[in-house]
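Hello,

Here is the structure I promised to pass on. My notes on it follow below.

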Amino acid sequence: MNQLYDSLKSDEFEFDKFSSEEKDNLETRMFERIQSSIQTKQHTVISKTSYLKWAAILIIPLLITGLYFAKLNMSSDEDLLLSEPGNFTANLITTSGKSYSLSSAVDLTKLQAEGLYEDVSEEGETIVMHEIQTPKGAFYQLILPDSSLVWLNAASTIRFPSRFDEHKREVFLSGEGYFEIKHNSSAPFYVKSAHQTTKVLGTKFNINAYAGQESDLVTLIEGSVEARSLKHEKLIMTPGYQAKIGASIRYEKVDQAGDYAAWRSGDFYFDNYPMTEVLRMLGRWYSIEVDETSIPNNRINGLIPRNLLLKDVLALIETTSGVTISVVNSKLKVVEKKNQHK
């Protein structure tokens, strides 16, 4: 074919020199070459069309999947707004690490009958440490071996021995607990937490000692206690006062000291609380994470029932706080109203 093309260009081509058979052969080869060229172009077009088709096949399901999960997240966030308040439950963790669910005040007695919870009262018996934990969205009340009463708020842990020492009663707290301690002048009662030790003879008080706080809060409601920091700085507290114990001790009178334990009777109590602390309290009670980025510095005062749905509590806070609180990606998100359109 190339030779033929060169001869046509040189004006030396004499078509009559070819035989009939050669002419037919030449025409057939030219036809096949042209047809092959056309098919190649068609294949290229078809290949591009196939690429677009496969791209569509891959992309469209991805878009549908993305929209599905976006809608699912939106639905999940709406469901979280309907979160119900916490309930009466806790877990007993044995010395071997086994966990037993507690859903009533008598569950410990049942576990004791089964030999799973040891309430040692006789001298000479082996003393073991008990640990009771309340998860997020829960609270619990228990009776200690000396008949003192303890209420645990959500996400809290208390450790105590199966029998107290003759001259000392000692428990360890992480989270928040309200205590009503039986009087025993020969065996002081100690509550130890991350930043402090409270020494008691017999009284009622609330300790807020969640992990991550700069200070533990001891609020005295009745009687007298001695609060001591890890640096052995100490003070004698009187009813109606609160000690904030961290790197140092701050001691101040508070209005309505009993309201600091209002959670025990079913209320949130906010005494000029920063928004961050308010959201943490809600997060613990409704078992929801908190987005702590860019939380405004607004402060909250008030008493709000804890038996409401989350959305109702948020609505009450929004009416007086100048913020909008919503659930975004399964977390509580707060925005100051003047910034919410930015």
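**Asn206 and its surroundings**

The side chains of Asn206 and Glu176 are joined by a polar contact of 2.9 Å. A polar contact here is a pair of N or O atoms within 3.5 Å; within protein, one must be able to donate a hydrogen and the other to accept it, and residues adjacent in sequence count only if both atoms are side-chain atoms. This is a predicted model: local features need pLDDT of at least 70, side-chain atom pairs count only at pLDDT 80 or more, and totals for chains, interfaces and linings use all residues. Residues are numbered from 1 along each chain as its sequence is written, and side-chain values use heavy atoms, with hydrogens and water left out.

Asn206 has another side-chain polar contact, with Trp263, at 3.1 Å. Asn206 sits in strand β11. Helices (H or I, at least four residues) and strands (E, at least two) are DSSP runs, numbered from the N terminus. Is Asn206 buried or exposed? Asn206 counts as buried, because its relative accessibility is 2% (buried is under 20% relative accessible area, exposed over 50%, partly exposed in between; 1.4 Å probe, protein chains only). Leaving aside neighbours within four places in sequence, Asn206 has contacts (heavy atoms within 4.5 Å) that include Gly177, Tyr178, Leu217, Val218 and Tyr260.

**Aromatic pairs**

The count comes to 12 aromatic pairs. Rings of Phe, Tyr and Trp (its six-membered ring) pair if their centres lie within 6.5 Å; planes under 30 degrees apart count as stacked, over 60 as edge-to-face and the rest as tilted.

- Phe164 and Phe189 have ring centres 5.9 Å apart and planes at 70°, so this pair is edge-to-face. Phe164 lies in the loop between β7 and β8 (169–180) and Phe189 in strand β9, so the pair ties together parts 25 residues apart in sequence. Phe164 is buried at 9% relative accessibility, and Phe189 is buried at 0%.
- Phe268 and Phe270 have ring centres 5.9 Å apart and planes at 10°, so this pair is stacked. Phe268 is buried at 2% relative accessibility, and Phe270 is buried at 1%.
- Phe88, Phe139, Tyr140 and Trp285 are linked into a cluster by ring pairs.

**Pockets**

The largest pocket holds about 830 Å³ of space. The search used a 1 Å grid over the protein atoms alone; a pocket is an open set of points where a 1.4 Å probe fits, with protein on both sides within 12 Å along at least five of seven lines, and lining residues have an atom within 4 Å of a point. Its volume is the space filled by probe spheres set on the points.

Which residues are closest to the centre of the largest pocket? They are Gln213, Leu217, Tyr273, Pro274 and Glu277, out of 36 lining residues. β17 gives the most to this lining, with seven residues. By class, the lining of the largest pocket has 13 nonpolar, 10 polar and 13 charged residues. Ala, Val, Leu, Ile, Met, Phe, Trp, Tyr, Cys and Pro count as nonpolar, Asp, Glu, Lys and Arg as charged, and the others, Gly among them, as polar.

The second largest pocket has a volume of about 280 Å³. Of its 17 lining residues, Lys136, Tyr210, Ala211, Arg280 and Arg284 are closest to the centre. α4 gives the most to this lining, with four residues. The lining of the second largest pocket divides into five nonpolar, six polar and six charged residues.

Best wishes
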